Amino acid sequence: MQLWETENTVELSIKDNGIGVDPHVKEKLFDRFFQVKENSSASGFGIGLYLVKQFMDQHGAKISYESTAGSGTTFFLSFRKGKSHFGNLTIYEDVPSETFQTEDQAKLSPPTLKTDPNLLLSTQDLILIVEDNENIREYIQGIFKHDHLVITATSGKEGLEQAIKHLPDIIISDIMMEDSTGLELCSAIKNNPTLGHIPVILLTALSDAENRLKGTQCGADDYITKPFEKELLMARLKLCLKTGPTPAIFLQ
């Protein structure tokens, strides 16, 4: 293991003496449940490196690796110095340990990953539905609940909290909500280094060009006008999951 720093980053490298990784694997090594086929003696679920990648993404950091067959693998972790890359996230500095013994402990706890075993060990995509209308929320949930994991939120604020906590694979959000708009939620998602990679589909009853433009400007990956056919929503969601988010992630 080696540790060093540059002007803007802190770098860490860790080398093992394993069998190495096939060059064709590339970024799939960090996928959930991925295991090196040649390592037939390996045990576990194949989620270790997936979790490492999730933690690195949460901190706006990068992980990569170099590997030679039969000579092991070296992993490189790069952490950015400073705080600007955390955007609007709350950062607690020099917090006395006794503070965490108060009744507000839950509020001060850092965001968690998909710690629920049912979410972590599932091969299904996790969908977050943000909709303040109960009937519509349940209707959309019913469309996807048989083939996907689904969590819901009734407001933009709750939606952002759920996104930080569970890191969903995709978000479907209404635009018009009482506490905040889906445009504000989408902007918060896309400007967050931890969440910016998550595709966002916006739903609205408004079909005018101005709202479509606003949706594009806030980084939305797709925009669907209500009422909609469930087959259309299913197809657009599938496409977003396949192609990933739009290139412009961090919008100021």
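In this predicted model, Val 130 touches Ala 153, Ser 155, Gly 156, Gly 159, Ile 171, Ile 172, Ser 173, Asp 174, Met 177 and Leu 185, with residues up to four places away in sequence not counted and contact meaning heavy atoms within 4.5 Å. Residues are numbered from 1 along each chain as its sequence is written, and side-chain values use heavy atoms, with hydrogens and water left out. Local features were required to have pLDDT of at least 70 and side-chain atom pairs pLDDT 80 or more, whereas totals for chains, interfaces and linings use all residues.

Val 130 also belongs to the largest nonpolar core, which has 23 residues; such a core is a set of buried Ala, Val, Leu, Ile, Met, Phe, Trp, Tyr and Cys residues joined through side-chain atoms within 4.5 Å, where buried means under 20% relative accessible area, exposed over 50%, and partly exposed in between (1.4 Å probe, protein chains only). At least two residues of this core come from each of strand 5 (126-130), strand 6 (149-153), helix 5 (156-166), helix 6 (182-190) and strand 8 (200-204), these elements being DSSP runs numbered from the N terminus (helices H or I, at least four residues; strands E, at least two). Helix 6 gives the most, with 4 residues. A second, separate core of 15 residues includes Ile 143, Leu 203, Ile 224 and Leu 237.

Most residues other than glycine have a negative phi.
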